[in-house]
Amino acid sequence: MDHQIGVPNPHPHQKPTSNSDLPPPILPTTTPNSPIPAAKKLTLIPLIFLIYFEVAGGPYGEEPAVQAAGPLLAIIGFIVFPFIWSVPEALITAELSTAFPGNGGFVIWAQRAFGPFWGSLMGTWKILSGVINIAAYPVLCINYIQKIAPQLQSGWPRRTALLASSVVLAALNYIGLTIVGYVAVVLALLSILPFILMTLIAIPKIKPHRWGNPGDKSIKTDWNLYLNTLFWNLNFWDNVSTLAGEVEKPKKTFPIALFISVIITCLSYLIPLLAVTGAVDIQQSAWESGFHAQAAETLAGKWLKILLEIGACLSAIGLFEAQLSSSAYQILGMAEIGILPKFFAARAKWFNTPWIGIVICTAISVGVSYLDFTDIVASANFMYSLGMLLEFSSFIWLRWKHSAMERPFKVPLELPGLIVMCLVPSAFLVVLMVFTHTTVFLVSASMTAAGIVWFGLMKICRKKKIFIFNPRPED
């Protein structure tokens with residue numbers, strides 16, 4: 001969503017010529033003592049909408065692209081940018097999730113490519129960026145509710161509401177991932193319904209020439225805001241990879257779910273944008289976050305504005321649930337492959353869910369939600385970008401080093417084409433990171449240093465047998 005590398009240099013190896021050269025398969029493990037009841041796996045439809053909420057949750061937040069660059073460039077951006085960023089990230093996720101269908105996702109990929117240090121650092125970057133972003137969604141919900149309950153604007157009522165909403169939403173994750181998946185389906189339909197109504201009402205009023213409006217000449221194009229809005233509305237496709245071990249027939253289901261999700265997500269941004277920019281003639285400066293609700297009132301009255309605001313709250317709930325799921329299962333997956341102690345892979349006795357991961361992620365997100373966390377969120381996104389650079393590198397390295405490995409889904413490009421496919425979004429990431437401010441660099445460096453210290457601490461714990469660890473795939 002819209003929040004604001006050193007790449008390792010392994011010793012070169014020849015391409016494998018036999019199966020003995022291939023990395024061993026991921027074998028998920030469970031903990032601790034009593035047998036875990038078999039849980040129902042995620043099927044195609046719930047997985048599609050979990051991915052939808054990992055990435056978007058609806059066109060809420062696309063408006064600043066118009067404010068930054070005008071209607072024409074905003075429309076072009078939401079048409080072109082998916083091919084630059086979303087499609088490559090989704091293709092990589094499909095290939096590697098089906099090749100390594102375990103609950104570690106991108107952590108597994110980095111570990112298999114470059115070793116346990118880089119797998120652990122990938123885990124640090126991704127889990128911090130994930131849980132910090134999670135903290136924003138209860139805040140967003142409370143911000144909408146306070147319009148009808150002003151006492152929630154500050155003080156202990158607000159703090160209590162943030163804690164209660166986080167705990168209640170986390171409880172749904174505890175009950176089961178399959179339930180979260182079906183709730184995501186309902187939330188997606190309800191949150192997108194107001195935009196369907198608004199689009200239908202807008203159609204008779206659309207004047208196509210407005211789509212070609214380059215924007216107010218007196219307003220300088222804000223490229224930083226424009227590019228960040230596109231990027232943060234169309235990222236996080238790889239988050240679903242941490243759920244691969246919970247998906248029914250992942251080698252078949254994952255590519256289909258990602259393909260459908262890319263289409264649904266891109267259309268959910270583009271169609272309302274075309275409808276509103278074509279039907280509403282308003283100054284460019286008015287297109288700030290939340291403008292769609294104002295446009296709805298202009299087109300149909302206050303009732304549609306209220307529906308959009310309710311939809312935004314439901315979307316925030318869906319985003320919280322989906323991203324908490326991926327973060328909690330990431331922790332479980334890191335324990336399954338020996339990066340974290342074995343007890344982090346513990347599952348709830350009745351619901352088979354990663355209760356330790358859910359508690360950790362919820363606790364951190366609640367703590368962050370009480371802070372003025374603008375710079376922290378920007379730093380989390382900076383670390384997410386570092387993780388993506390490592391992810392692209394892992395993908396290229398695994399395709400080159402283990403070209404003969406079985407891949408149920410394979411991106412239909414040879415190595416030179418894959419390098420080009422990854423270089424374009426990588427260059428974009430570097431540009432975004434270079435133009436960030438000093439505080440973000442310092443906070444990101446501190447969090448990265450903490451991740452390196454954590455890896456050293458876990459190495460000592462393993463060596464001295466302070467905690468029990470599952471065997472690493474390379475052991």
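Me: Buried means under 20% relative accessible area, exposed over 50%, partly exposed in between. In this predicted model, is F382 buried or exposed?

Reply: The relative accessible area of F382 is 11%. The cut-off for burial is under 20%. So F382 is buried.

Me: F382 forms an aromatic pair with F441. What kind of pair is it?

Reply: The ring centres of F382 and F441 are 5.3 Å apart, with 75° between the planes. Planes over 60 degrees apart count as edge-to-face. The pair of F382 and F441 is therefore edge-to-face.

Me: How far apart in sequence are the parts that this pair ties together?

Reply: F382 lies in helix α13, and F441 in helix α15 (residues 438-463). F441 is partly exposed, at 35% relative accessible area. The pair thus ties together parts of the chain whose separation in sequence is 59 residues.

Me: F236 and Y384 also pair. Which class does that pair belong to?

Reply: Both partners are buried: F236 has 1% relative accessibility, and Y384 has 0%. Their ring centres are 4.5 Å apart and their planes stand at 55°. So the pair is tilted.

Me: Which residues have the most contacts inside the largest nonpolar core?

Reply: That core has 136 residues. One of its members touches F81, W85, Y384, S385, F428, L429 and L432, leaving aside residues up to four places away in sequence; that member is F231. The residues with the most contacts inside the core are F231 and F395.

Definitions and conventions:
Residues are numbered from 1 along each chain as its sequence is written. This is a predicted model: local features need pLDDT of at least 70, side-chain atom pairs count only at pLDDT 80 or more; totals for chains, interfaces and linings use all residues. Side-chain values use heavy atoms; hydrogens and water are left out. A nonpolar core is a set of buried Ala, Val, Leu, Ile, Met, Phe, Trp, Tyr and Cys residues joined through side-chain atoms within 4.5 Å. Buried means under 20% relative accessible area, exposed over 50%, partly exposed in between (1.4 Å probe, protein chains only). Contact means heavy atoms within 4.5 Å. Rings of Phe, Tyr and Trp (its six-membered ring) pair if their centres lie within 6.5 Å; planes under 30 degrees apart count as stacked, over 60 as edge-to-face and the rest as tilted. Helices (H or I, at least four residues) and strands (E, at least two) are DSSP runs, numbered from the N terminus.
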